[in-house]
Amino acid sequence: MIICGQCNKEYASEKSYLKHRCPITGAKPTEGRAMGVFSERIQAKALARGQKIAKK
Amino acid sequence: MAATVTIDESNGAGETVTANITNSNMGSNDSANLNTTTYPIVAGENSFEKWQRFNCTNLGGSSAITNFKVWRTTALSGSDTHLTNARTTSYAGAATYTTPTASASSVATQTMPTSEPASANLGYGGTLGANQTTTGYSDYLVHQIQTNAATTAGASCTMNYQYDEIA
């Protein structure tokens, strides 16, 4: 069983969990907004750090 | 687009996964997003272990995520300790899930870093710094607070979870 930690709805499988649109985040778990209000900043920072690795 | 990564927590004997948790509150109950007022840790006792993982639900066009790092900022109360399986050297590989315990953890045995580690301290597929090129989970992060009998109530700390993303 998998529970969405945001809306507390229960799903029998990860597949069905990934398909739901969470009423709290307004996003599916596969969409960036699922990461919360700072999602864009989190993603930008992760990519910037990754770019440094790729350059090495 | 970029990758979507959440922190998921596992609880219970049958491993119930709570995805995209809202906090990492440590307490006297094996549950995700727990209320510390309802489940305080008695002085001198341990919190239940936390078994958590990074979950990449979508790579968003990137080729990989990597370099999983975890650390805590801000101080604990008194002589309490915060222990983890995360480490930059002598990493024991991917921990196999077992029901979280409030006994002294046999998996979380090293002090949680209090600043960003210089390199990955949590692995993917059992290896530190490995590139995760598909959706799915990192290795388990296991951590536990062990309190001292003379501790004081009310410590509030910040857990940091970081990954790098390769476009």
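In this predicted model, the count of salt bridges between chain A and chain B is one. That salt bridge is formed by the side chains of R49(A) and D164(B), with 2.7 Å from N to O. On the side of chain A that touches chain B, at least two residues each come from strand 1 (2-4), helix 1 (14-19) and helix 2 (39-55) of chain A. Of these elements, helix 2 of chain A gives the most, supplying eight residues. Sorted by class, this side of chain A consists of 13 nonpolar, seven polar and three charged residues.

The extent of the interface can be expressed both in residues and in area. Contact involves 23 residues of chain A and 26 residues of chain B. The size of an interface is often given as the accessible area lost when the parts come together. Between chain A and chain B the buried area is about 1900 Å², and carbon and sulfur atoms give 52% of that area.

Strand pairing also crosses from one chain to the other. Strand 1 of chain A runs parallel to strand 2 (residues 16-19) of chain B, and three bridges join them. Within this pairing, I2(A) has V17(B) as its bridge partner in strand 2 of chain B, while the bridge partner of I3(A) in that strand is T18(B). In a regular strand the side chains alternate between the two faces of the sheet.

Strand 2 of chain B has a further pairing within chain B itself, where three bridges join it to strand 1 (residues 4-11) of chain B in an antiparallel arrangement. In this pairing N11(B) stands opposite T16(B), a residue of strand 2 of chain B. The hairpin made by strand 1 and strand 2 of chain B has four residues between the strands, and in this hairpin G12(B) takes a positive phi near 80 degrees.

Taken as a whole, chain B contains eleven strands and zero helices, so that its pattern, read along the sequence, is β-β-β-β-β-β-β-β-β-β-β. How does the radius of gyration of chain B stand against that of a compact globule with 167 residues? A compact globule with this number of residues would have a radius of gyration near 15 Å, and the 16 Å of chain B agrees with that. Along the principal axes, the C-alpha atoms of chain B fill a box of roughly 50 × 30 × 25 Å.

One loop of chain B gives an example of residues brought together from separate parts of the sequence. T114(B) lies in the loop between strand 6 (110-111) and strand 7 (123-124) of chain B. With neighbours within four places in sequence left aside, T114(B) is in contact with W71(B), R72(B) and T73(B). The C-alpha atoms of T114(B) and T74(B) are separated by 7.5 Å, although these residues are 40 residues apart along the chain.

The box filled by the C-alpha atoms of chain A, taken along the principal axes, is roughly 45 × 20 × 15 Å.

Key: Residues are numbered from 1 along each chain as its sequence is written. Chains are lettered from A and ligands numbered from 1 in the order in which they are written. This is a predicted model: local features need pLDDT of at least 70, side-chain atom pairs count only at pLDDT 80 or more; totals for chains, interfaces and linings use all residues. Side-chain values use heavy atoms; hydrogens and water are left out. Contact means heavy atoms within 4.5 Å. Buried area is the accessible area (1.4 Å probe) that two parts lose on being put together, summed over both. A salt bridge is a side-chain nitrogen of Lys or Arg within 4 Å of a carboxyl oxygen of Asp or Glu. Ala, Val, Leu, Ile, Met, Phe, Trp, Tyr, Cys and Pro count as nonpolar, Asp, Glu, Lys and Arg as charged, and the others, Gly among them, as polar. Two strands pair if DSSP finds at least two bridges between them. The radius of gyration is taken over C-alpha atoms; the globule rule is 2.2 Å times the number of residues to the power 0.38.
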